Amino acid sequence: MSRIMTRSTTRGSSGHALRLLLAGAALLAPATARAELANLLSLDPCREAEPCLAVDVRQMERDATACRAEAQSMSTLTTTTRQCGRAVEDTVKVLDRIRVLRWNTSVDPDTGRALELVEESALATQRFAKLEFDRRQAELPRLPIGDSSWAVTTHIFGSLVRALPHPGPGENSVSFFKDFGGGVKLRYDMVRANTRSEIFGVELGLMIDATILQNGATGTGSAGYSVAPVLMLSTFEYLYGGVGLRTIGAPVSGFENRLLFVVGFGLDGKSLTN
């Protein structure tokens, strides 16, 4: 093995990966293979500028350990997600290094068995890190504001209740399930157990408002729609409420006559994509 890697006379802690590998190898490999495995994973340092399996395995284990951490903040979730992605890349490097070493005809059977154990660990780490990376990545916002708990997203909503303080002719002061809209949302999240959920959001949008259009010539009304810019607050990602002002297509004039209040159910970008 001296032609493959440089060994150190000082043996440090081989880390979590080594302990797991040695435990798993106890009944599967002879003592010489376990000793060879320890040699592979506890070298410190490797020769400068020389391909080194020990360094790659250590880096894989560090990133995989971070990937197992439970995030309780957006910054930690973002960081651990990146490390999960790096852990997947680390396993590819380890597996490639093992393939190169196996081509060396001078590798003895015990060293070969040690390499098999490292390979099995790398494959298991790769599967875990890929699944965890995908799961955590799905929790990250599409448009984050740095590593803070704030993010920008889009939203759609429909009204449960709409109230008009000064309804126009033929209109009801309270109506149900008539309006819908969408817009841009600034949301503030909390993270618990690697899962992101909204505490509150502030959104600007446009609402298509069902209304009664009056014909001045005949004095009759017909069903129609107006467009109302709305300022809304949301919580738990689904519950929306706010105030709007009917503009285009408004049946009456005057600020107070165009004012409306709405409570509705909505979905934002995270809810729609997860």
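A patch, as the word is used here, is built from residues with over 30% relative accessible area and no salt bridge, joining like charges within 9 Å and nonpolar side chains (Val, Leu, Ile, Met, Phe, Trp, Tyr) within 5 Å. A salt bridge is a side-chain nitrogen of Lys or Arg within 4 Å of a carboxyl oxygen of Asp or Glu, and accessible areas come from the Shrake-Rupley method with a 1.4 Å probe, where for residues only the protein chains shown count as cover.

The model you are looking at is predicted, so local features need pLDDT of at least 70 and side-chain atom pairs count only at pLDDT 80 or more, while totals for chains, interfaces and linings use all residues. Residues are numbered from 1 along each chain as its sequence is written, and side-chain values use heavy atoms, with hydrogens and water left out.

**The nonpolar patch**

Leu160, Val161, Val174, Phe176, Phe177, Phe236, Tyr238, Leu239, Val263 and Phe265 together make a nonpolar surface patch of about 970 Å². Strands E2, E3 (174–176) and E8 each give two or more residues to this patch; strands (E, at least two residues) and helices (H or I, at least four) are DSSP runs numbered from the N terminus. Leu160 is found in strand E2.

**Aromatic pairs**

Rings of Phe, Tyr and Trp (its six-membered ring) pair if their centres lie within 6.5 Å, and planes under 30 degrees apart count as stacked, over 60 as edge-to-face and the rest as tilted. The count comes to 5 aromatic pairs. Trp150 and Tyr188 form an edge-to-face pair, with 5.0 Å from centre to centre and 65 degrees between the planes. Because Trp150 lies in strand E2 (residues 150–163) and Tyr188 in strand E4 (residues 180–192), the pair ties together parts that are 38 residues apart in sequence. Ring pairs also link Trp150, Tyr188 and Phe200 into a cluster.

Tyr238 and Phe265 make a stacked pair, because their ring centres are 5.7 Å apart and their planes are at 5 degrees. Tyr238 sits in the loop between strands E6 (221–235) and E7 (239–245), and Phe265 in strand E8 (residues 259–268), 27 residues apart.

The table gives the accessibility of some of these residues; buried means under 20% relative accessible area, exposed over 50%, and partly exposed in between (1.4 Å probe, protein chains only).

| Residue | Relative accessibility | Class |
|---|---|---|
| Trp150 | 29% | partly exposed |
| Tyr188 | 27% | partly exposed |
| Tyr238 | 36% | partly exposed |
| Phe265 | 46% | partly exposed |
| Leu160 | 31% | partly exposed |
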